[in-house]
Amino acid sequence: MNSLEYIWLYRHNRDWLLNTNNKYKRPIPVVNNRVDWKSRDMEIVRALIRIIDKHSDDVSGPRLSMKWLVSQLDTGTSVEKYLYKLSLASIYLARYSESITDYQIRRITHVMIMTRPNILPRWQILRLSGLSDERMTQMTCEFLDSLLTNFWALRGQ
């Protein structure tokens, strides 16, 4: 088929021409081996271990959420985008990222450590830890109540 025939078919019977061309089109296999995801996964997990080791003893630090941990990595945006290809990193993040309850308990613990040996009233502990009864999770509320109950029981003896 010469170019004039092609032009005429394209102008007058485009659907037939495109369907016919699609029948003879060969698929081009796409192989993308530019990134070794297994080694990148191991590197990211090592970096996450270093970050968590650095911040695990800091009771006054920020919440170690999945988003925060990924943002501390040098390649944070690509990790977030391709987390489905990084199986070890996603498992590690799911296991070691801090939940809201864990973070609230850590904040209360920090206040208790800072005010030791004095025990403060409940409202003051909440104020210093930046929490309120409305925002606290059920487990955090139970933790604080048991902490205060145990302290006053020991104090009474």
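Predicted model: local features only at pLDDT ≥ 70, side-chain atom pairs only at ≥ 80, totals over all residues.
The protein contains 9 helices and 0 strands. Taken along the principal axes, the box filled by the C-alpha atoms is roughly 100 × 35 × 20 Å. Of the 157 residues, 28% count as buried. Contacts can also be sorted by how far apart the partners lie in sequence: among those between residues at least 6 apart, 61% join residues at least 24 apart.

Two helix pairs show how parts of the chain meet. Helix α1 covers residues 3–12 and helix α2 covers residues 14–23; their axes come within 5 Å and cross at roughly 115 degrees. On the α1 side the contact involves Y6, L9, Y10 and H12, and on the α2 side R14, W16, L17 and N21. By type, the residues of this contact divide into 5 nonpolar, 2 polar and 1 charged.

The other pair is helix α3, residues 37–55, with helix α6, residues 87–96; here the packing angle is about 20 degrees and the axes are 8 Å apart. Angles under 35 degrees count as roughly parallel, and α3 is therefore roughly parallel to α6. From α3 the contact uses D41, M42, I44, V45, L48, I49 and I52, and from α6 it uses S87, L88, A89, Y92, L93 and Y96. These residues divide into 11 nonpolar, 1 polar and 1 charged.

In soluble globular proteins, nonpolar side chains tend to be buried together. In this model the largest nonpolar core has 16 residues, and those with the most contacts inside it are I44, L48, L69, L73 and V79. Helices α3, α4 (66–71) and α6 each supply at least two residues of this core. The largest share, 6 residues, comes from α3.

I51 lies in helix α3. With a relative accessible area of 13%, I51 is buried, because buried means under 20%. Apart from neighbours within four places in sequence, I51 is in contact with W68, L69, Q72 and L73. The C-alpha atoms of I51 and V70 are separated by 9.8 Å, and the two residues are 19 residues apart along the chain.

R40 lies in helix α3 as well. R40 has a relative accessible area of 29% and is partly exposed, since that class lies between the buried limit of 20% and the exposed limit of 50%. Not counting residues up to four places away in sequence, R40 touches V35, S78 and L86. R40 and L86 are 46 residues apart in sequence, yet 7.9 Å apart in space, C-alpha to C-alpha.

Methods:
Residues numbered from 1 in each chain as written. Heavy atoms only, no water. Axes fitted to C-alpha atoms, helices over the stretch in contact; angles between N-to-C directions. Helix = DSSP H or I, 4+ residues; strand = E, 2+ residues; numbered from the N terminus. Parallel < 35°, antiparallel > 145°, perpendicular 65-115°, else oblique. Contact = heavy atoms within 4.5 Å. Nonpolar A, V, L, I, M, F, W, Y, C, P; charged D, E, K, R; others polar. Core = buried A, V, L, I, M, F, W, Y, C linked by side-chain atoms within 4.5 Å. Buried < 20%, exposed > 50% of the residue type's maximum accessible area, 1.4 Å probe, protein only.
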